[in-house]
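This report describes a ligand site and several individual residues of one protein. The sequence and structure are shown below.

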Amino acid sequence: MRIHRIAVIPGDGIGPEVIAAGMQVLEALAALDGGFRLEFTSFDWGSEHFRRTGAMMPEDGVEQLRRFDAIYFGAVGAPDIPDHVTLWGLRLAICQGLDQWANLRPVRLLPGIRSPLAGLAPDDLDWVIVRENSEGEYAGHGGRSHRGRPHEVASEVAVFTRAGVTRIMRFAFAVARSRPRRHLTVVTKSNAQRYGLVLWDEVAAEVAREFPEVTVERVLVDAMAARMVREPRRIDTVVATNLHADILSDLAAALAGSLGIAPTANLDPDRRAPSMFEPIHGSAFDIAGKGVANPVGALWSAALMLEHLGENAAASRLLRAIEAVCAAGILTPDLGGRATTLEVAGAVCVALGSGE
Ligand code: IPM
Ligand code: MG
């Protein structure tokens, strides 16, 4: 019996609701599979922890996570605490502390879900966005001086290192090569950002030589936003900086029907530390506690986690069950349906059992 130790951080708002749904489905899946078991350890880190202790997690939080095989994360953010405090205190502290440098965001139009783009069929939108996850615009460099004075100054420095760009580029090319179309769009803004993103272009050209099977295209980020809407079929794998990919992935999720379905994996592809899996949506306080949060993003993230743990059969079984439930129209209100979080999770459990 293979045992996987999972650290669970449900976090804030709808985080605990979708993570509970995810754990229920994962338990059902492990029981059906029979080859592996998941050992969950929950951590009450997040905004409530901040109100109680003044910190989003304990000082040695990142070290506590190291002994796990993976981290399953809900959402973070609260109306009464500044967003940059909650973000840097927990999610970014973990991603950067464990050097989870590759962020993977698959986006697909699932059967039964309508895209806001007219006439789009599921096969027309099947992308993987690779987001640089350790530096760029999220490097944390910058500062403020002359606070509150008319000549106050604030800087926010995007940092690009050859090592950081090279590793994400190799990762993205490898992802592109593993997919049938073998196509990679390298997104930059190297016309305006003439240092970091010109380095990005140069490294892309160098790494491209290592992957002759992959067709590469370079597109500026503004043009890429338009292409996503106008020519979604021209896109397969995408690599972009931390901020550009953040923005493009929200657009992508919206085009695929809802932010509620999109999953993400914060990976340490070198496997020196556990990787972290989470829905891309936030804590959504407007709907928290109502039981209507869409669990699909959390469930799909659980499938990515299983894949990373080597449980490929279970991962594809879970994805097929999610697709079957969506195709059957068992959808939460964000997708125009009337099902609750638990009804969707329950239906996924049933679909798992029926081998769909
Ligand atoms: C994401 C989110 C986060 C980010 C937020 C919650 C700070 O939007 O994972 O895409 O910007 O990285
Ligand atoms: Mg985002």
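## Threonine 237

The side chains of threonine 237 and arginine 179 make a polar contact at 3.4 Å. A polar contact is a pair of N or O atoms within 3.5 Å; within protein, one must be able to donate a hydrogen and the other to accept it, and residues adjacent in sequence count only if both atoms are side-chain atoms. Threonine 237 belongs to strand β10, residues 237-240. Helices (H or I, at least four residues) and strands (E, at least two) are DSSP runs, numbered from the N terminus. Threonine 237 counts as buried because its relative accessibility is 0%. Buried means under 20% relative accessible area, exposed over 50%, and partly exposed in between (1.4 Å probe, protein chains only).

## Basis of the model

This is a predicted model, in which local features need pLDDT of at least 70 and side-chain atom pairs count only at pLDDT 80 or more, while totals for chains, interfaces and linings use all residues. Residues are numbered from 1 along each chain as its sequence is written, chains are lettered from A and ligands numbered from 1 in the order in which they are written, and side-chain values use heavy atoms, with hydrogens and water left out.

## The site of ligand 1

Leu87, Arg91, Arg105, Arg131, Tyr138 and Asp246 are the residues around ligand 1, where a residue is near a molecule if one of its heavy atoms lies within 4 Å of it. By class, this shell has two nonpolar, no polar and four charged residues. In this scheme Ala, Val, Leu, Ile, Met, Phe, Trp, Tyr, Cys and Pro count as nonpolar, Asp, Glu, Lys and Arg as charged, and the others, Gly among them, as polar.

Oxygen atoms of ligand 1 are placed 2.9 Å from a polar side-chain atom of arginine 131, 2.6 Å from an N or O atom in the side chain of tyrosine 138, and 2.8 Å from a polar side-chain atom of aspartate 246. On its own, ligand 1 has 320 Å² of accessible area, of which the protein covers 75%. Accessible areas come from the Shrake-Rupley method with a 1.4 Å probe; for residues, only the protein chains shown count as cover.

Ligand 1 takes up the space of the largest pocket. On a 1 Å grid over the protein atoms alone, a pocket is an open set of points where a 1.4 Å probe fits, with protein on both sides within 12 Å along at least five of seven lines. A molecule sits in a pocket if more than half of its atoms lie within 2 Å of its grid points.

## Buried asparagine and serine residues

Asparagine 103 is located in strand β4 and is buried, with a relative accessible area of 0%. Its side chain makes a polar contact of 2.6 Å with the side chain of arginine 105, a residue that is also listed around ligand 1.

Serine 115 is in the loop between β4 (102-108) and β5 (126-132), and it counts as buried at 12% relative accessibility. Asparagine 294, in the loop between β12 (275-279) and α9 (296-308), is buried at 5% relative accessibility.

## Positive phi values

Arginine 182, a residue other than glycine, has a positive phi near 50 degrees. Arginine 182 lies in the loop between α5 (162-178) and β8 (183-188) and is partly exposed, with a relative accessible area of 37%.

Alanine 284 is not a glycine either, yet its phi is positive, at about 45 degrees. Alanine 284 is in the loop between β12 and α9 and counts as partly exposed at 27% relative accessibility.

How values were computed
1 Å grid on protein atoms, 1.4 Å probe; cavity = no way out; pocket = protein on both sides within 12 Å on 5 of 7 lines; lining within 4 Å.
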